[in-house]
Amino acid sequence: QIVATGICRTDDHVLEGHFVDVDFPVIPGHEGAGIVESVGEGVTSVKPGDKVIPLCIPHCGQCSFCRNPESNFCLKSHFSEPQNLMPDKTSRFTCKGKQIHHYLWLSTFAEYTVIPEYAVAKIDPAAPLDKVCLIGCGFSTGYGAAVNTAKVKPGSTCAIFGLGGVGLSVIMGCKVAGASRIIAVDINKDKFAKAKELGATDCVNPRDFQKPVEEVLTEMTGHGVDYSFEVIGHADTMVAALASCNMNTGVCVMVGVAPAGSMISFDPVLVLCGRTWKGTLLGGGKARDFIPKLVSSYLEKKFDLDLLITHMLPIAKVNEGFELLRAGK
Ligand code: NAD
Ligand code: ZN
Ligand code: ZN
């Protein structure tokens, strides 16, 4: 039973048709929290009544990637086996007799869903599901991009391109990691107040300048930031984020999802000088360990997830939620 779900921009990419491997009709949604209503044969890690978060990157624990301590990418994920059904290639959803597809094993824009055991994590029973649903994707992705993927060091300088739910979570991760300067970049200046509340020390609107944003950031910091994060999903801002970090020791993390078929062209000298360009999925942590730990850290008040919540709507108004997202609210 799904009790609460967030809206991530990735769900909007699905609706906009940006992914070639999504079959319609489909129930999207991948940032949820719920309660196990019943389990199938052989399921041992959860039982009815358990509070859980569905995992958009599963964690089977058995495959070669799961057994590699460095990896959080399970071979049972949709990136290795794109399909919009259950693992047995059937659907559990129908509407008026017609089959509806699943999305990322999860389909959280529903009151009830069926999920494989390896794509669900049991969490602390004290967790408020209407808050910790954000740990299902946006928060964990942003926070983990800073602490796991970039491994931000104390005293460092960071720049975050894009201040949606995910980018704001990167700011929270940079702050917890001890960054001394956190530069928030967005073309929507209405995002700056929340960014500052969460730990940004400077805010930059690229539209306020004639020169490219990477030049602005390089001038502000001397030689570029130590860590930059692209949390928008555009090819041009991905290159701008790369060019904004220190030419020799800078690390740039790609978090945003570009539309399928997008290509990037960039001057190879940007990387030749020593910069590191990395990507992250769900913040780089092994999901069945990382997600329950983040829920516990939230309950211990290590970060304030509640600040990310701008609106609460009943599921019947999910399309209004998308309108708010597209309006930058
Ligand atoms: P969002 O739409 O809420 O936020 C994007 C922000 O970028 C907005 O504030 C927008 O004003 C800003 N922006 C747009 N164009 C810009 C530009 N040219 N320069 C500066 N800012 C600009 O999205 P979100 O839910 O925070 O998701 C962000 C991205 O992360 C999406 O592409 C999403 O698909 C992706 N994502 C990736 C993962 C992962 O595992 N890697 C997980 C979740 C989301
Ligand atoms: Zn997401
Ligand atoms: Zn696996």
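Me: Contact means heavy atoms within 4.5 Å; which residues of helix α7 meet which residues of helix α8?

Reply: This is a predicted model, in which local features need pLDDT of at least 70, side-chain atom pairs count only at pLDDT 80 or more, and totals for chains, interfaces and linings use all residues. Residues are numbered from 1 along each chain as its sequence is written, chains are lettered from A and ligands numbered from 1 in the order in which they are written, and side-chain values use heavy atoms, with hydrogens and water left out. Val213, Glu214, Leu217 and Thr218 in α7 meet Ala240, Ala243 and Ser244 in α8. By class, this contact has four nonpolar, two polar and one charged residues, where Ala, Val, Leu, Ile, Met, Phe, Trp, Tyr, Cys and Pro count as nonpolar, Asp, Glu, Lys and Arg as charged, and the others, Gly among them, as polar.

Me: At what angle do α7 and α8 pack, and how far apart are their axes?

Reply: Helix α7 (residues 213–221) and helix α8 (residues 235–244) pack at about 20°, with their axes 8 Å apart. Angles under 35 degrees count as roughly parallel, over 145 as roughly antiparallel, 65 to 115 as roughly perpendicular and the rest as oblique, and the angle between α7 and α8 therefore makes them roughly parallel. Axes are lines fitted to C-alpha atoms, for helices over the stretch in contact, and angles run from 0 to 180 degrees between N-to-C directions; helices are DSSP runs (H or I, at least four residues), as are strands (E, at least two), numbered from the N terminus.

Me: Why are α4 and α10 called roughly perpendicular to each other?

Reply: Their axes come within 12 Å and cross at roughly 100°, and α4 and α10 are therefore roughly perpendicular. Phe139, Ser140, Tyr143, Gly144 and Asn148 in α4 meet Phe290, Ile291 and Leu294 in α10, a contact that divides into five nonpolar, three polar and no charged residues.

Me: What makes α8 mostly covered?

Reply: Eight of the ten residues of α8 are buried, where buried means under 20% relative accessible area, exposed over 50%, and partly exposed in between (1.4 Å probe, protein chains only). The buried residues are Thr237, Met238, Val239, Ala240, Ala241, Leu242, Ala243 and Ser244. What covers them includes α7, α9 (269–272) and the strands β7 (157–161), β10 (227–230), β11 (251–254) and β12 (276–279).

Me: Why is the aromatic pair of phenylalanine 65 and phenylalanine 73 called tilted?

Reply: The structure holds eight aromatic pairs, and in this one the centres are 5.7 Å apart with 55° between the planes. Rings of Phe, Tyr and Trp (its six-membered ring) pair if their centres lie within 6.5 Å, and planes under 30 degrees apart count as stacked, over 60 as edge-to-face and the rest as tilted, so the rings of phenylalanine 65 and phenylalanine 73 are a tilted pair. Phenylalanine 65, at 35% relative accessible area, is partly exposed, and so is phenylalanine 73, at 22%.

Phenylalanine 139 and phenylalanine 303 form another tilted pair, 4.5 Å centre to centre with 35° between the planes. Phenylalanine 139 lies in helix α4 (residues 138–150) and phenylalanine 303 in the loop between α10 (287–299) and α11 (318–326), so the pair ties together parts 164 residues apart in sequence.

Me: How do you know whether phenylalanine 139 is buried or exposed?

Reply: The relative accessible area of phenylalanine 139 is 1%, and this residue is therefore buried; phenylalanine 303, at 8%, counts as buried too. Ring pairs link Phe139, Tyr143, Tyr298 and Phe303 into a cluster.

Definitions and conventions: Contact = heavy atoms within 4.5 Å.
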